[in-house]
Amino acid sequence: MNIDKFEMDTAPFEKTLTLRLPSTAMMDEEAAAALGEWNSPLIYAEHDKHRFYYDITGRVPLRSQLNKIMTKKEAIALFASVADALLYGMEKHINPKFILLDSDLVYVSEETGSLRFICVPAVNHGLSVKPLRSYIRELLVNMQYDSHENLEYIGKIINYINQNKRLNPADFIDYLDALDQEDAEGAAAAHYQEPNEAAFAPDKAQPDMIPLESLTKSTHEPDQDVLSQEAFGPEADREPEGDLNIPEIRLDEEPAPKGAETYESVSDPYLIRKKTGEKVVINKDEFKIGKIPGMADYLLTDNPAVSRMHAIIHKIDGAYYICDNYSTNATFLNGEQLEAGKNYILLNGVRISFANDEFTYYAD
């Protein structure tokens, strides 16, 4: 985990992160100079031959904020801030691999809510790298969303990043801006609607489930997350084993440099059963739910509506999916019945019902 490479120094009125570089690290002086610019989205840093000192006074890690409910506007602003940091780096000739996209090392201002990013402009510094495309996917899965809003925009963002194998930050920001304008355009259209129509038109139901199951993915295209050909090498998609009919979103990572630490999630995801408050830890890559011992990893023997092997939760490339196993009384995600045999992405806080037995899914 990248945060383990840093030391925290806390003084009465300031906080500093210190990173010690190995003696073999080669400094990029031009990139290091950009860390002294106060208007930069990168955290202000000073350095000597073998250390970087990052000023994080008045800031908290982004990870500590991901359990807060975010509106569409707030979520889009977050994604745009990540892309903007890489775009700024490109303009300053900073290798995008120097900017660490890690929610423990992305900091939020307690005063303004703005994001700032750690940049380590040194070659062979031993820190694991997470590209833009993978990091946006990670955020999408782990964030909490406002359930009163239409959540279709999340599926649209997932679709966009999967269709763009080379996720250019400038194009991504333009796409997010257009997505943000949809609500404003819709409000303007409603303003000019005939009064009688507006008065008697039925309320439009807001979907409670993100429609991800219809997304498709080609497994024959190279999966790259690059800002330029020089920045990242090609990354081939790997087809998962078995016929799982996986939807488009994936959490594939670029391979970490040899010897570098790789990021792992803090803990296994889990379910909370509404009826009893029981916590069910999902501790296998293929976790089966049913009522017959020997066929399921978690047993619901007290509910006759549950099938013998009712559903399966799959872990695929770091993300979790649920699949109804052709059960008699179906599986539901946020109240929507799932098509048997198909995989549906699980986002933090969604409700899962095995027949009439409701659970809530938590990502960490």
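**Labels and their grounds**

Q: What makes up the open sheet of six strands, and in which order do they lie?
A: The order is E13-E12-E22-E21-E18-E19, with antiparallel pairing. Strands here are DSSP runs of E with at least two residues, numbered from the N terminus, and two of them pair if DSSP finds at least two bridges between them. The model is predicted, so local features need pLDDT of at least 70 and side-chain atom pairs count only at pLDDT 80 or more, while totals for chains, interfaces and linings use all residues. Residues are numbered from 1 along each chain as its sequence is written, and side-chain values use heavy atoms, with hydrogens and water left out.

Q: Why are strands E13 and E19 said to stand at the edges?
A: E13 (279–281) and E19 (336–337) each have a single partner strand, so one side of each lacks a neighbour in the sheet.

Q: How do you know that E18 and E21 pair?
A: Three bridges join E18 (residues 331–333) to E21 (residues 351–354) in the antiparallel sense. Pairing requires at least two, so the two strands qualify. Phe-332 has Ser-353 in E21 as its bridge partner.

Q: Why is Tyr-326 called exposed?
A: Its relative accessible area is 64%. Exposed means over 50%, buried under 20% and partly exposed in between, with a 1.4 Å probe and protein chains only, so Tyr-326 is exposed. Tyr-326 lies in the loop between strand E17 (319–324) and E18.

Q: Is Ala-330 buried or exposed?
A: Ala-330 has 9% relative accessibility, so it counts as buried. Ala-330 is also in the loop between E17 and E18.

Q: What makes helix H3 mostly covered?
A: In H3 (residues 132–142), 10 of its 11 residues are buried. Among them are Arg-133, Arg-137 and Glu-138.

Q: How does the span of helix H2 compare with the expected one?
A: H2 (residues 72–91) has 20 residues and reaches 28 Å from its first C-alpha to its last, close to the 28 Å expected. The expected span is 1.5 Å times one less than the number of residues. A helix is a DSSP run of H or I with at least four residues. H2 is followed by His-93, whose phi is positive, near 60°.
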